Amino acid sequence: MVPVVELNDIAHVYVTDREASLAVEGIHLKVEPGEFVSLVGPSGCGKTTILSVIAGLLQPSKGAAYVNGDPIYGPSPEVGYMLQQDYLFPWRTIMDNALIGLELTERLNPESRSAVQNLLREMGLGDSGNLYPSQLSGGMRQRVALVRTLATDPGLLLLDEPFSALDYQTKLQLEDLIVETLKERGKTAILVTHDLSEAIAMSDRVILLNRNPGRIHRLFDIPENIRRAQPFFARKEPGFNELFHEIWGEMQTIGKE
Ligand code: ADP
Ligand code: MG
């Protein structure tokens, strides 16, 4: 099978008018179809940089990057990007926000519109289509952002700390909803999070990065029983705490370097 994502010895240098800094180096990564992978590591270790390369928003200084076997040249409809900030347009209704990707790619028609209506309903937003973002809670807004990302039906979703602005309860609910929605549709996903328990609970694989420059420190395969459980219940599965402490211990050693 062709991996959905393949990064081959990626490095990136940010150049500003004052300095050049090596953000990431020697990044090798393969993500298989349907896999859910998390990137964790200290702030500044290059998680967002890696997602930006995969999203086609950033041309890496070195290395080769592929999505579905094709070199990445720029943003592609195959890749959906969801951020911590929902970036909903305040002057557009929820429905019109959710439709924006379809509009931009000229794929808005009665069928795609009704598919989005169904998605909104599935996310518990069936009655909110005519409201404006300011009328919604943070959790609801992130669900709209998810619908908007899914509306164009990308095979790969990049999620950059999508829960970090939410309260704990809302975040747990959204974790379950996202994993269920993506698994159901056979989507591949890469999640960036600073919450280690979230990474373990949601993922098939956790990738720990270290910094200065950002490199892959270690990969952790999540045991079958934890993977099969919904994120909320995964936290109570045998082996979860042990794995948490193992990765946590590794993270502490990175912090001290
Ligand atoms: P993370 O998402 O893991 O916090 P980033 O990918 O945002 O890390 O950043 C990695 C490194 O690159 C950091 O040292 C950061 O300061 C630097 N960096 C990120 N974006 C830019 C930019 N646009 N210009 C210059 N340096 C940047
Ligand atoms: Mg980041």
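## Salt bridges

Arg227 is partly exposed, with a relative accessible area of 36%; partly exposed lies between buried, under 20%, and exposed, over 50% (1.4 Å probe, protein chains only). The model is predicted: local features need pLDDT of at least 70, side-chain atom pairs count only at pLDDT 80 or more, and totals for chains, interfaces and linings use all residues. Residues are numbered from 1 along each chain as its sequence is written, chains are lettered from A and ligands numbered from 1 in the order in which they are written, and side-chain values use heavy atoms, with hydrogens and water left out.

The side chain of Arg227 meets that of Asp204 in a salt bridge of 3.5 Å, N to O (a side-chain nitrogen of Lys or Arg within 4 Å of a carboxyl oxygen of Asp or Glu). Asp204 lies in the loop between α7 and β9 (205–210) and Arg227 in helix α8, so the pair ties together parts that are 23 residues apart in sequence. Helices (H or I, at least four residues) and strands (E, at least two) are DSSP runs, numbered from the N terminus. Asp204 is buried, at 11% relative accessibility.

## Other charged pairs

The whole structure holds 17 salt bridges. In one of 2.9 Å, N to O, Arg92 pairs with Glu103. This pair links distant parts of the chain, 11 residues apart: Arg92 is in the loop between β6 and α2 (94–98), and Glu103 is in helix α3. Arg92 is buried at 19%, whereas Glu103 is partly exposed at 33%.

Lys171 and Asp195 also form a salt bridge, at 2.5 Å, N to O. Lys171 belongs to helix α6 and Asp195 to the loop between β8 (188–192) and α7, 24 residues apart. Both ends are buried: Lys171 has a relative accessible area of 9%, and Asp195 one of 16%. These two residues are part of a network of salt bridges with Glu175, Glu198 and Arg235.

## Cavity and pocket

A search finds 1 cavity of 30 Å³ or more. The largest cavity holds about 40 Å³ of space, and its lining includes Asp204 and Arg227. At least two lining residues come from each of α6 (168–184), α7 (196–202) and α8 (224–228). On a 1 Å grid over the protein atoms alone, a cavity is a set of points where a 1.4 Å probe fits but cannot get out, and a pocket is an open set with protein on both sides within 12 Å along at least five of seven lines; lining residues have an atom within 4 Å of a point.

The largest pocket has a volume of about 630 Å³. It is lined by 23 residues, of which Val79, Gly80, Tyr81, Gly101 and Leu104 are the closest to its centre. β6 gives the most to this lining, with 5 residues.

## Helix α1

Of the 8 residues in helix α1 (residues 47–54), 7 are buried, so the helix is largely enclosed by the rest of the structure. Among the buried residues are Lys47, Ile50 and Leu51. Gly56 follows α1 and has a positive phi, near 80°.

## Aromatic pairs

There are 3 aromatic pairs in the whole structure. Rings of Phe, Tyr and Trp (its six-membered ring) pair if their centres lie within 6.5 Å; planes under 30 degrees apart count as stacked, over 60 as edge-to-face and the rest as tilted. Phe244 and Trp248 are stacked, 5.9 Å centre to centre with 10° between the planes. Both lie in helix α10 (residues 240–256), 4 residues apart, about one turn of the helix.

Methods. Grid points are joined across faces, edges and corners, and a volume is the space filled by probe spheres set on the points.
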